[in-house]
Amino acid sequence: MKPTILEKYGEARLPRYTSYPTAPQFSSKVDALTYEGWLAGTPSETGISLYLHIPFCRSMCWYCGCHTTISKQEQPIVDYLDALRAEIQLVATKTRRPLTVDHVHFGGGTPTIMQPQEFIDLMHLLREHFVLSSRSEIAVEIDPRTLSDEMVQALGHSGAGRASLGVQSFDPAVQRAINRIQSVEQTAGAVTALRTAGVVNINFDLIYGLPLQTVSSCTKTAEQAIALRPDRFAVFGYAHIPSFKKHQRMIDEATLPNAHQRDQQAEAIASTLMTAGYQRIGLDHYALESDELVTAQASGKLRRNFQGYTTDTCETLIGFGASAIGHMREGYIQNEVPLRLYAKRIAAGQLATSKGYHLTTEDRLRAAIIERLMCDFEVDVTEICASHGFDAGILLTNNARLDMLCDDGVIDIHNGFIRVGHEQRFVIRAVAASFDAYLDQTGRTHGKAA
């Protein structure tokens, strides 16, 4: 029996393509000295983005795939923030003049685990060393369970305008199975407090494919979340990788939905959100019609980066903190992941870069094609190749993955223009993967060194 599209492509473990090439291609050949040179060459006349990683939480959510550390004590967080401030000051000395910042994003972990005054001081430090204006977007990831009134006021005082709240699921049974108990009322209280303080743009994160999750519970969670009217939703599928994230072993694999059930859950959430007036953005985001993501998608200017779908068009992203990844014109850089090594490098007055990737001309071409596919579900390969000085035949001819997708009716190709069928958009990553030079036929990345 011929396998269905879902069976053939839906279970493949493929990259999310928030970057290209993806992190497995990073190597130590790109080091702190390389990064220092890239920083020195960063033009000051164009806006940049900043990402600050706060890798601490009060408790471990068993589904989590982030780099984070559980801390009940304040001192490890205080020590880490000392290193983070030192890194900000160090990086600022490597640029020719203060850089203008369009976007600041605090990610984690739980960024709001720090004390309110520490957040205010951190924002003050950024303003000392970079050029931020009232137009600079400041976004913070938030765990509603630990958000204090004092921190809400600190966020408003510091100019934060966007908050991303982890919701995942409101089903009590699912919450117990993932070690994250969070009521609707608790979440609603956080939303109200944030909006009152001036943090008016609210994003929610939902997850499907969690233990004990059903179509019914996914739909109910979506309906409860919609009642709070966030501006955006990000809806992700749970990735069960206990060999890599050992705390995921706490999840009973027998309670996880299969691929067909996961697909039903994802579509149930999508249908519920769209019925409520949210527009589908790319693969896994949803936004109200008034949101700038909708405008960007309609105009073909939607972008994709480490935070997912975005309107951020900055060419430069500077990452601060342990494990943080940055993106420069020349390529990618990533800091040391272990907190101890990160702090040691910074204390020695060195940039914390552990590895990275130097982009080639062909990488830029493939990245452009993959990004348009991920954002628009269509791409003019011939046009993009011409703009990068390549013959489209290099990518389209003898491309076994692409030919298979075409034969299976997932895509249509005409004169180098590729369009993904509306009903097949859930396998867009498989289409993007057909332009990934570092992916073998099993879906594993292989190493062409940077």
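Biologist: What covers the buried residues of helix 7?

Modeller: In this predicted model, the cover includes strand 5 (137–142), helix 5 (149–157), strand 6 (162–168) and strand 7 (201–208).

Biologist: OK, and which residues of helix 7 are buried?

Modeller: Thr187, Ala190, Val191 and Leu194 are the buried ones. Looking down the axis of helix 7, you'd find its buried residues within an arc of 100°, so they line one face of the helix.

Biologist: Why would spaced-out residues end up pointing the same way?

Modeller: It comes from the turn of an α-helix: there are 3.6 residues in each turn, so residues three or four places apart point the same way.

Biologist: Which residues are exposed on the other side of helix 7?

Modeller: Over there you've got Glu185, Thr192 and Thr196, and they're exposed.

Biologist: How many residues does helix 7 have, and how far does it reach?

Modeller: Helix 7 runs over residues 184–196, which makes 13 residues. From its first C-alpha to its last it reaches 18 Å, close to the 18 Å expected at 1.5 Å a residue.

Biologist: And what turns up just after helix 7?

Modeller: Gly198, with a positive phi of about 105°.

Biologist: Which residues other than glycine have a positive phi, then?

Modeller: Tyr17 is one, with phi near 55°. Ser323 is another, and its phi is near 75°. For background, most residues other than glycine have a negative phi.

Biologist: Where are those two, and are they buried or exposed?

Modeller: Tyr17 is in the loop between helix 1 and helix 2, and it counts as buried because its relative accessibility is 4%. Ser323 is in the loop between strand 13 (317–320) and strand 14 (325–327). At 7% relative accessibility, Ser323 counts as buried too. The cut-off for buried is under 20%.

Biologist: New topic: which peptide bonds are cis?

Modeller: One goes from Tyr20 to Pro21, with omega near -5°. Another joins Gly108 and Gly109, where omega is about 10°. In general, most peptide bonds are trans.

Biologist: Where do Pro21 and Gly109 lie?

Modeller: Pro21 is in the loop between helix 1 (5–10) and helix 2 (32–40). Gly109 belongs to the loop between strand 4 (101–108) and helix 4 (116–129).

Biologist: Let's switch to the second largest pocket. How much space is in there?

Modeller: About 560 Å³.

Biologist: How many residues line it, and which lie nearest its centre?

Modeller: The lining of the second largest pocket has 25 residues, and Arg303, Arg304, His327, Tyr332 and Glu371 are the ones nearest the centre.

Biologist: Which element supplies the largest share of the lining?

Modeller: Helix 12 does, with five residues. Strand 11 (303–305) and helix 12 (361–376) each give at least two.

Biologist: Last one: what does Gly416 touch?

Modeller: Leaving out residues up to four places away in sequence, Gly416 touches Val379, Asp380, Val381, Thr382 and Leu396. Take Val379: it's 37 residues from Gly416 in sequence, yet their C-alphas are 8.4 Å apart.

Biologist: And where is Gly416, buried or exposed?

Modeller: Gly416 sits in the loop between strand 18 (411–414) and strand 19 (417–420). With 6% relative accessibility, Gly416 counts as buried.

Key. Residues numbered from 1 in each chain as written. Predicted model: local features only at pLDDT ≥ 70, side-chain atom pairs only at ≥ 80, totals over all residues. Heavy atoms only, no water. 1 Å grid on protein atoms, 1.4 Å probe; cavity = no way out; pocket = protein on both sides within 12 Å on 5 of 7 lines; lining within 4 Å. Points joined across faces, edges and corners; volume = space filled by probe spheres on them. Helix = DSSP H or I, 4+ residues; strand = E, 2+ residues; numbered from the N terminus. Expected span 1.5 Å × (residues − 1). Buried < 20%, exposed > 50% of the residue type's maximum accessible area, 1.4 Å probe, protein only. Arc of directions from axis to C-beta. Contact = heavy atoms within 4.5 Å.
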